[in-house]
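Please keep the sequence and the coordinates at hand while reading.

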Amino acid sequence: MYKISFIGGGNMALAIIGGLVASGQPAANIEVLDVNPEARSRLATSFGVRAHAVLDDLPLGDLIVLAVKPQQLPEVATALAPRLENQLVLSIAAGVRLADLSRWLGGHARLARAMPNTPALVRAGISGLYAAMAVDAAGRSAAEGVLRAVGGVVWVADEAQLDAVTAVSGSGPAYVFYCIEALEEAAVAAGLPHDVARQLARPTFFGAGKLALESGEEPGVLRARVTSRGGTTERGVAALDAAGVKAAMVRAVEAASARSRELGDDLGKLA
């Protein structure tokens, strides 16, 4: 098995490392850098990986995962550049484009970029993934394998599409949590105790999502099956349509995608 070095040991790195170890990657093949002593202790205690405080002490594996905050990446990449050889570098830093990352890494070309989402914390994530032209099939497989440890992977053919991925699946959990909040509040307003509202709303979202994922049928078909003519669901869906909920969701994705492009522009200006 290949060796992996993580730069950054925050929640997403923690989730991926946990998934890798659970899927059979030996802890001895994983090295982590984090300046926070509590993060290092948590990683070492939870998974048995070696955690380091200084970049110069971090052994570089075959695959390097950049899991620091986007604003920290120019400094980290510049410090990393002199030590790179032919490693595959996978960035999960939101918004940072590969052209900018390559520049900070002194022209290093074996690069991939991913947009995971927070359900990775319970190994139910979905990640958008893009690789530069210099990444061969083996490198693509290695990058995909890292992300599959915490969920599914969808490849995109154009790096620009990662802005839409960010808006849909990266930000998407927040939209879902927003809807869960709204359904719970509506249940309470309808007269249910808060604990009952919670017990009904959350499994409803989980179960509907599981059904949509596993049935393979279009959401509209599944919705129609719940919606009897003249029934309660028809009245409720009509109220959602009247409120423009679908159009609002489209606007939310458009706004998030535009912000992702703006962040990429701003981060690219960093020295």
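Asp-136 forms a salt bridge with Arg-110, the closest N and O atoms being 3.6 Å apart, where a salt bridge is taken as a side-chain nitrogen of Lys or Arg within 4 Å of a carboxyl oxygen of Asp or Glu. Because Asp-136 lies in the loop between E7 and H5, and Arg-110 in the loop between helix H4 (98-104) and E6, the pair ties together parts that are 26 residues apart in sequence. Helices (H or I, at least four residues) and strands (E, at least two) are DSSP runs here, numbered from the N terminus.

The two partners differ in burial class, for which buried means under 20% relative accessible area, exposed over 50%, and partly exposed in between (1.4 Å probe, protein chains only). Asp-136 is partly exposed, with a relative accessible area of 42%, whereas Arg-110 is buried, at 16%.

## Basis of the model

The model is predicted, and local features need pLDDT of at least 70, side-chain atom pairs count only at pLDDT 80 or more, while totals for chains, interfaces and linings use all residues. Residues are numbered from 1 along each chain as its sequence is written, and side-chain values use heavy atoms, with hydrogens and water left out.

## Salt bridges within helices

By the rule given above, the count comes to ten salt bridges. One of them joins the side chains of Lys-210 and Glu-214, at 2.9 Å from N to O; both residues lie in helix H8, four residues apart, about one turn of the helix. Lys-210 is partly exposed, with a relative accessible area of 39%, and Glu-214 is exposed, at 57%.

In helix H11 (residues 245-268), Arg-259 and Glu-262 are three residues apart, again about one turn of the helix, and their side chains meet in a salt bridge of 3.1 Å, N to O. Arg-259 is partly exposed, at 42% relative accessible area, and Glu-262 also counts as partly exposed, at 40%.

## Strands E7 and E8

Strand E7 (residues 125-131) and strand E8 (residues 151-155) pair in the parallel sense over five bridges, with pairing requiring that DSSP finds at least two bridges between the strands. Ile-126 has Gly-152 in E8 as its bridge partner. Together with helix H5 (residues 137-148), E7 and E8 make a right-handed β-α-β unit; right-handed means that, with the strands pointing away from the viewer, the path from the first strand over the helix to the second runs clockwise.

Ser-127, which is found in strand E7, counts as buried at 3% relative accessibility. Its contacts (heavy atoms within 4.5 Å), not counting residues up to four places away in sequence, are Met-115, Pro-116, Leu-147, Gly-152, Val-153 and Val-154.

## Backbone of Arg-123

Arg-123 is found in the loop between strand E6 (111-115) and E7, and has a positive phi of about 55 degrees although it is not a glycine. For context, most residues other than glycine have a negative phi. At 46% relative accessibility, Arg-123 counts as partly exposed.

## Helix H6 and its cover

In helix H6 (residues 161-170), the buried residues are Leu-162, Asp-163, Val-165, Thr-166, Ala-167 and Ser-169. The elements that cover these buried residues include E6, E7, H7 and H11.

## Nonpolar surface patch

Val-176, Phe-177, Leu-183 and Phe-205 make a nonpolar surface patch of about 330 Å². Patches are made of residues with over 30% relative accessible area and no salt bridge, like charges being joined within 9 Å and nonpolar side chains (Val, Leu, Ile, Met, Phe, Trp, Tyr) within 5 Å; accessible areas come from the Shrake-Rupley method with a 1.4 Å probe, and for residues only the protein chains shown count as cover. Helix H7 (residues 172-189) gives the most to this patch, with three residues, while Phe-205 lies in helix H8 (residues 194-215) and is partly exposed, with a relative accessible area of 30%.

## Overall fold

The protein has eleven helices and eight strands, and its C-alpha atoms fill a box of roughly 70 × 40 × 30 Å, taken along the principal axes. Of its 271 residues, 40% count as buried. The protein exposes about 14600 Å², of which carbon and sulfur atoms supply 59%.
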